[in-house]
Each structure stands twice: as C-alpha cells, then as structure tokens.
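Here is my note on the model you sent. Please read the numbered points alongside the sequence and the coordinates.

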Amino acid sequence: MGYRRRKQPQIVLTIYIKREDRTKKMSYSSYIPLIPLLPLAGFVVLGIFGRKYFKRSSGIIGTFLLLVSTVLALYTAYQYFFVDGKVDGVYQPITAIKYTWLSFSKNVSIDMGIVLDPISVMMLVVVTFVSLMVHIFSLGYMKGEERFGTYYAFLGLFTFSMLGLVISTNLFQIYIFWELVGVSSYLLIGYYYDKPSAVAASKKAFIVTRFADLGFLIGILILAFYGKSLDIKTLIENINSSEFNTITAASLLGISALTWGLTLVFIGGAGKSAMFPLHIWLPDAMEGPTPVSALIHAATMVVAGVYLVARLFPLFTLSPAALSIITFVGLVSALLAAIIACTQTDIKRVLAYSTMSQIGYMMFALGISGYDGEGGLGYTASMFHLFTHAFFKSLLFLGAGAVIHMIHSNEMKDMGGLRKYMPITHITFLVACLAIAGIPPFAGFFSKEEILLAAYHSNKLVYAVALFTSGLTAFYMFRLYFSIFWRKNKQLHDHHQEGTVSMKLPLIILAICTVVAGLIPFGKYVSTRGLPLESHFDPVFSLAPVAFGIAGILLAMWMYKNETARPERISVGLGGIYKAAYRKFYIDEIYMFITKKIIFNLVGRPAAWIDRNVVDGTMNGIAWTTGKISAMIKGVQSGKVQSYTLYFFGGIIALAIIFLYLWK
Amino acid sequence: MNLSLLIILPLITAAGILLAKGLKQVRVIAFIGASLQLLLCLALLYFYHQERVKGNTTNFLFEDGYVWYRSLGFNYHVGVDGISVAMILLTAFVVIAAVLVSWKMEKMSKEFFFLLIFLSLGAYGFFISLDLFTLFFFLEIAVIPKFLLIGIWGSGKKEYSAMKLALMLMGGSSLVFVGLAGLYFNTNINGAHSFDILYVTQMQIPVHVQKIFFPFAFVGFGIFTALFPFHTWVPDGHSSAPTAASMFLAGISMKLGGYGCLRVATWLMPEAAKEYSTIIIVLACIAILYGAFATMMQTDLKYINAYSSVSHCGFILLGIGMLTKTAINGAVIQMVSHGLMTALFFAAIGMIYDRTHSRKVAQLGGLMKMLPFISTVFVIAGLCSLGLPGFSGFVAEMTVFMGSWEKGDMFYRVATIIACASIVVTAVYILRAVGSVIMGPVKNDEHLKLGDAGWNEKLAAALLIIGIIAIGLVPFWLTELIDPGTETIMNSIDKAVIVK
C-alpha cells in the first residue's frame, strides 16, 4: 500500500507537466517564429524592391520590423524567465516548434525548430536589441548612401540568420544558420564594394571562417555518426547513455571520437569567434560600415562560437581534453589580442582586438567550467560576460562610428579633443570604457569578476594571465579614450555638430544598459542545469582586478591625456617587442606565405598545369597517334587497281609461305 | 499520362522552327515549345505525385512500349520513376532558360534553335527510356548536335573544341555500347536476348560478366560526367560553346552520364559496382579536389565554371561510388542542383560576355555598378556553387557527405574528408571571381555605358533561381520524389554479394 501511495502523485505530476508543456508550446509557437521571420521579410522585400520603391523609406521599414521582433523577444524573455520557464525550480528547455527539413535516415535528420532555454532566450534578447540599436543608428549614419535599401536588406538577413542560429534545436540547423551569418557578414563587410580593401577583407573573412567550418562540418559528421542523431537534445542523451560508450573509447591517435568531434566543432566556433590562430579576419572585417561592425563583429556573430560551446556544453564536460583546448585557445587569444590592441592606431582595429580579447575571456571561462552546481560558475560567468559585452562593445563601436562620421578618418592621429564637440558620444564612450575596464558599478565589472573568480578556483595560472590581461584591457581602452576625446584638437572648428538624434539615441540607451546590466542576478537565470546559482560577489576578491584596472587607466592617462613624447619613447624603449605587436606578431604574413606561396604555387598552379599538359596532353596524344596511324595506312586504299592487284598477289604469296614453311 | 508526349512535343516544335521564317518567328516558336515542355514536365510531376499518393508502388509509372525490331529484341519501352522525373524537370528548366538567353541569336537562328530543341528531345528520351537500346539511341541524339552548335556558333578555338568534345563523347558512347551489348548477350528469354532494363534486373547477370562490362558502361557514362582523367573535354568544350550550348552541356549532358552510371551501370551490375567502388571513389575524390584546385588558377570565367563543374560532378560520382542510400540520394540531388546552378552560372557569364565582349577576370571589374541584376545573378550562382544553405548545392553536398560518412571504414572517412575539403577551395575560387568581376573598381571605362538585363534574360535567370531555391529551402519534396527510385536501386545493391 505504501508503495502505491508514494508512486501515484508522481504519475499525476508528470502528466500535469506534460499537459502544461503542450499548452506552453502552443502559446510560444504562435508568435516566436515571427521574431526571426520579420527580419527575413525585411530582407526579401527590401532586397527585391528596395532599390526601386523604398529608396528612402527602407530604413524605416527595416527598423520597424525589427522593433516588433525586439518587443516579441522581450515578451518571450519575460514569459520564459518569470512566468512558465521554470518547472520545480529548474529552467526547462521548451521545444516550441520542430519539423523535419531533410531526413537522411531513420534517426538522422535535419530539423528546423525553435528551442527556448535560458541561453537561447538571452541571445534572442541580445540579438534583437543590439540589432535594433544598430538599425536606428544607421538611419543617421548611412543616410544618403546609394544602396541604402540593400544595406537594410542585408542587416535583415543577418538578424534573421543570427536569430535562427540561437534558437536551433538541431546541430545541423546551427550549421545552416552559421553559414548564413557568414555570408551576411561577407556581404556587409563588402558593402563598399568598389573599395579593393573592402573586397579583400570580405573575401578573407569568408574564407578563413569557411576553413574553420570545415572542422565544424566534420565534427558534426563524427558526432552524428556516434550519437545516432543530429537533434541536440537527443544527441546529448544518447552520448550520455551507456549504450554509446564507443564514442568515449580511444579511437584515432589514442584520442576518443568524442574529443575529436568536439574539438573539430570547436574549430568552427573558434573561426567564427576569431580565436587565435583563426582571428586574422576580424581586424580586416572593420572595412565594413561601422554600425555593422557593432552588430556583427562585436556583439552577436563573433560570440556565436562561445554560444556553440555553451549549447553543447553537456557534451564538452564529458571530454576534459576538449575543454583544456578551449581554455588554452581562449586564454592565448585574450592575452595576445590585448597586447596587439595596445599598439594599433586605427580605432576600429583597437576595438576589434579588444573584442577578440573579451571573447577569449568568455571562451576560457567555459573551458575551466565544470557542469554541476558551484563548478558551473565559469559557464554562468561566460554567458554573463557575453551578455554585458554585447551592450558595452556595441556602444563602443557605435561611439567610434559617430566619431568616424564626424572626422572621416579611422586614425587616432587625426583625432583629439573631441569631448567638446560631441558631449553625448564622449560620456557614453567613457561609460563603455569603464565597463570594459572592469570598474564598478558598470556591467563589465560584474561579469569579469565572475570569470576571474571561476578562474581563481580552477587554475591559478589562468587567473594570473586573466588578471594581467584585464589590466592591459583598461590600458588600451583608455589609450583609445584619451586619444579621441582629450589631447588637442587638430582640424575641427566650432560649426561641427554631433550626429543626428537617431545616432545619439542608441548611444544613450546602450549606455543605460551598460550601467544597469551588471546588476541583474544573472546566475539565478542562466546556469548549467537550469538551477539558480547564487551570486558570489566578494569585495575583497575584487580588489585585485579593480586595482589592475585603475592602474591601466592611470598609465594610459599619464601617456595619452596630453600630447607628450612619452608614448614614442616607450615604444622605442620596447624595441622589437613593440614592433612585433604592432605588426600583429606577423601572423598575417605567415598566412600569406602559406596561401600564396604554398597553396597557390605548389598546389593550384601544378594542378592546373598538369591538367592542361599531362592529362589533356595524353588525351590529345592518343588522338594524334590515331590520326598519324590512319594517315599512314590510308595510302593503302588508294583506289588504284594496280596496287590492289599487287597487294592481292603479295598477300597470296605471303600466306603461301606461311602455310608451307611456318605452319609446321 | 503518355510519356511519349515528351518526345513528340520537341519534334513538333523542331518541325515548326524549320517552317518558320526569320529570327522573330523562330524564337517565338522555340519559346512556346519550351514553355509547353515546362508545363508538360510540371504536369508529369503532378500526375506522378498523384499516382504515388493513390498508393501506386510500382517502380516505374506510366509505362508504355511497342516493338521496334522484334527479331533482335529492340523495343521502345518508356517509364519513369522519381529519379527520372527529377531529371526531366531539370531538363525543362534548362531548355527554356537556354532558349531565352539565345533570344538575339542572329546567326543562322533557325538551325540554332532547331538543334537546341532537338537536343532536349534526346535528353527527354534518354531519361524516360527503359530499354537499353532506346536509351543508347537517345544518348547519341543528345551528342551529335553539340558538335554543330560549338563548331558553328562557338567562339575561340571552336573547331578544335568541337572536335575534341565530339570525339571524347563518341568514345564514351562506344564504351557504353560495349557495356550494353555485354548485358544484352547475357540475357536470355527463350533463347532470345533482350535490352529491356526491367528484364535485365530480373536476370542474375553472372558476376564475372559484370566485372568485364561494368567498367565499359561506367567509364563510358563517366566520360559524360567528367570522370577523371576523361574530363578534359569539359573546359575546352564549355568555353568554346555559345551560351545556350554551354548551359545545355553542363546542365543536362553531364547529367546524362551521371544518370547512366546510376541507372545502367550500378543498378544492373550491382556486384561489379561493389567490386569497383573503391576505384570510383578514388577517381571521384581526385576530380573533386584536383578540379577545385585547377579552378583556382583559371583566368577565364567560362574555364572557371567548367573546371568547377568537374569538381562538382565529382560529388555525383562519389555519391554513386559510396553505394549507400543517402549518398545516392545526394548524388541525384547534386545532378539536379548542379544542372540548375551551372546553367545559371553560364547564363550570367554569357550575359556579361554579350555586353563586355570579355570573359577574362583581369579585364572585368565593378560590374555591380552597371549591371546590378546580372551581377546579383552571378553572385547567387556563385553562392550556390560554394554550397550556401538556402540554395540547392548545400542540400546536395550535405546529403552526399552524410551518406558517405555512414561507411565506417577509414578509407571512406578519408575520402569524405577530402570531398569536404573542397568546400573551402570552392569558396576561394568563387570569391576571387566575384571579388574581381562583380566588386572592386571598374577596370574599363567603356563598361560604364552598359545596360542591364532585358526581360528575356531576367526571366531565364528567375526560372533557374526559382528551381535552385525550391530545392534549397524545402528540400524534402525532392528527396521524397527520388527516394523510392533510390530504394529500388539500393535493394539490388544490398542483395549483391561479392564472391571472393
């Protein structure tokens, strides 16, 4: 009897959950597809008709569609986090929609679907929100461009693809949208298509990430083969269950198939997220319009790699080897990019390297994270940093855009003293700089704090490098800040106006977000298993990072606040190290050597040559020989009766000789 | 539905063209004929689907036939399964687009359109044939007009190319014929032989016979579909051919080979297919990667697309060589996809050439400014070629990869990875071409005066793009269409056992 009593309520409960789940799905599926589809509609309409019919109004149309998407995304977030996402105190993933798109075999198929869980809902908000800000900003920034409609069409395509990526239920769905964000990035970097540098940059970005995607693709093939599914949820369940232990057994080179698969998938992520050594495309990608850099190359697309690792995190925890690779790559990228950023003079490139460095933080935070309970702090911290970084980095880029719009140059040396001319840009830029430098109470402080805390608890070396890098971050950001807004102004006179309202408004909104985003108790909502994670704020622990940050700021102030010879002297003093950092450690040159010298000259050219001369030569040779032989024997059929008679009798004599003498 | 309509309609159109006078009449008749073909093929798709919905599970629908030459057992026997329907649809799309882009063909227009329509007849006949002799007959019809099309309307070293193409394809056909004859003489109906495909599948062709004749049939058809090392007609032939002929050649002719490899060689001789699959895979991988690298170094747009066709057709052969159901499905999708895509690419190149009179990458630049429509078409064709999701190429390539990966051996794994690696190289050459032809500064000031596409060119491109996107966005209709067909082929492959 006792047994039955205990059992019964549980059954009732599961039925109850299931029914609730179904109604939830119903309510979500009614409007969530609109979030990605509205920007897609914008792309289709503006892409086909924008040139002719909406020359002026395409900006408004695109922005309006995205505004609706943003509102829906915020509503979804509210619904999910505060109304019905939680079941028994745990945030559950909800599959709102799923249908088969292409089926390969009984278990393996590509599905298109929408999954809602804490990270996907968070990304929905981040992507739509930042994209909206960029849409609004571009109304002013891109005004008067000839291909205004095309620009908004591409922005719509990008937003659609990015949203499709974050809500994916299927590993292959991620890959599909992954490629689509890649191509939108390609189109937008090459937006100024008559500029050779923009063309080169767009090509480079696509090809480098394509190379990384090759890894991703093979990784997917491996995981799908062993996990017998492409559906992420099923895949994780399958690989965790005991039937699938072959995947963790050692295979090629003593490394398990799981590690192979995950590492290859991570290569794809590293390519998109511009991790060392696949980062070379990101600084060049700054050739695109600046609002695009804010959206794609700062806040959303470049964190796709981090998101990918987070999405597959339950699998990554099964492979410590793969996680240590991630930690290493993330840490190296964070440090390397920070060092390079200190030496660059193009303000967008400084921001690009800073993006790479911050993404390095997110990556290694995932790498050092565990899966259960307190061990999962790294995961939460990484997502938190992704969230706050999206706001302050897009703010930095939009601010830089406003500056570039006014000065018509990207170079620091052309700037200076701008605080008088653009007060709003100045203040908001300062807020963002403080945030990225990790100064309380701005958003970056809280998220970076958590990352450092997680690092401290897992590996002291990682912690030390991360701490040093955070000092560097403060230094190069304030180097940028002082160079733009302080020092002496060089060319501007008083009649210069700060940009339009549409350019100022996003700056103000993002600045507000940068101030308040850090106060969100993030761990309550986003954690490895959906269980709330208590905040670990500890004033004593934060002393060291903040001290490093302030030291960096003071150093930058000492060097760059006024026009002095100090930077010059120091760079000369550093000698070779400075030069190497300034030349980005010659990584581009190494790539150029490999592609131009090795791939083109040693593979491509010989292949083309062999094809024309050896393979085709053989074919032509056969034809030539046939022709020659026929020319030789065609004389036989001359039509002369005399020669035919001669051949006839000659043949008879020959046959007679053969029969008489040789036959025996 | 009567499949013979697919042969009668082009015949009537061709006759109409012969009776017409002047370019204007000729092209209108050709256009009407091609449109009717398209409608007919869409109707075929509809009726085929209806039959399947009704629960008709016979392998081949709409079978029809009559005796052609009784004493030797030659029959006219036609019927379609999903694979043939897909190929027929492809043909219809390419033909109408080819007619549209040749709208201003002033030189001997009557003969030109006649040959074009005649080619389509050969292709339809080939795809619906269920009798090996009929099949061969139509294959030949689809070869000979090309010699004239290139030789008369071509450009560059056209005589050389026409001769090369004709000789190599005729060589291929002769190998095919040896293979078919080998099958024929090993069938036996009451002491007589038969060319009937359905009958041959019932027969157990002895394994040693298969081993002899499979290479003939496979290599013969393989030459059509650019099997390494017999692919060298592709670059020369395509680059010398007029636009419509290039479209037809790459879009349909190369698919005749792929279809033949699958339908005749693999299906009828499954044991041998298993036996030789390693060699096929190796050759396919060479074609894929080496073709891609060779493309990278080309400087002429038509050569770029021709070499890339070698690389892309490698996927067809790879899919067939892998002998798994998914991979074969992928091969068929790749045939349709590559047909549409490469026709679109050649159409765009032709449009650019008509205006600028140049195909050299180095002489073109910044066309986006003057020719936004054509440039967009070019970019779309390029993106489809590099396997961007949303376009058909992605679906095809991914299906081949997934199917190939189902084979667990290290050999197959390496082959698949080599094939996968080509997607990077493809991106390199496509983006190089797009980057310097479409984007970048205008290199020739005279190009600034150029006018964008006319209605005919827009319609041609739109039709092909619709086809590409219809597969790229909702691929399941195509996989559902071809699935029963590949299932049949797989059944005979699964039954085949290699006797050591």
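**Notes on the helix packing, core and interface**

1. In chain B, helix H12 (residues 270-296) packs on helix H13 (residues 301-322) at an angle of about 160°, with the axes 8 Å apart. Axes are lines fitted to C-alpha atoms, for helices over the stretch in contact, and angles run from 0 to 180 degrees between N-to-C directions. H12(B) is therefore roughly antiparallel to H13(B) (angles over 145 degrees count as such). The crossing of the two is left-handed, meaning that the near helix is turned anticlockwise from the far one by less than a right angle. Their contact has 18 nonpolar, seven polar and no charged residues. Here Ala, Val, Leu, Ile, Met, Phe, Trp, Tyr, Cys and Pro count as nonpolar, Asp, Glu, Lys and Arg as charged, and the others, Gly among them, as polar.

2. On provenance: this is a predicted model, where local features need pLDDT of at least 70, side-chain atom pairs count only at pLDDT 80 or more, and totals for chains, interfaces and linings use all residues. Residues are numbered from 1 along each chain as its sequence is written, and chains are lettered from A and ligands numbered from 1 in the order in which they are written.

3. Chain A has 26 helices and four strands. These are DSSP runs numbered from the N terminus: helices are H or I with at least four residues, strands E with at least two. Of the 664 residues in chain A, 53% are buried (20 or more other C-beta atoms within 10 Å of the residue's own, C-beta atoms being placed from the backbone).

4. Helices H3 (residues 58-84) and H4 (residues 118-141) of chain A have axes that come within 9 Å and cross at roughly 155°. That makes H3(A) roughly antiparallel to H4(A). This crossing, too, is left-handed. The contact holds 14 nonpolar, 10 polar and no charged residues.

5. Which residues touch the most other members of the largest nonpolar core? They are Ala97(B), Leu344(B), Ala347(B) and Leu464(B), in a core of 425 residues. Such a core is a set of buried Ala, Val, Leu, Ile, Met, Phe, Trp, Tyr and Cys residues joined through C-beta atoms within 7 Å. H7(A) gives the largest share, 19 residues.

6. At the interface, 35 residues of chain A are in contact with 37 of chain B (C-beta atoms, placed from the backbone, within 7 Å). H7(A) contributes the most to chain A's side, with 12 residues. That side divides into 24 nonpolar, four polar and seven charged residues.

Key: Buried ≥ 20, exposed ≤ 12 C-beta atoms within 10 Å, placed from the backbone. Contact = placed C-beta atoms within 7 Å. Parallel < 35°, antiparallel > 145°, perpendicular 65-115°, else oblique.
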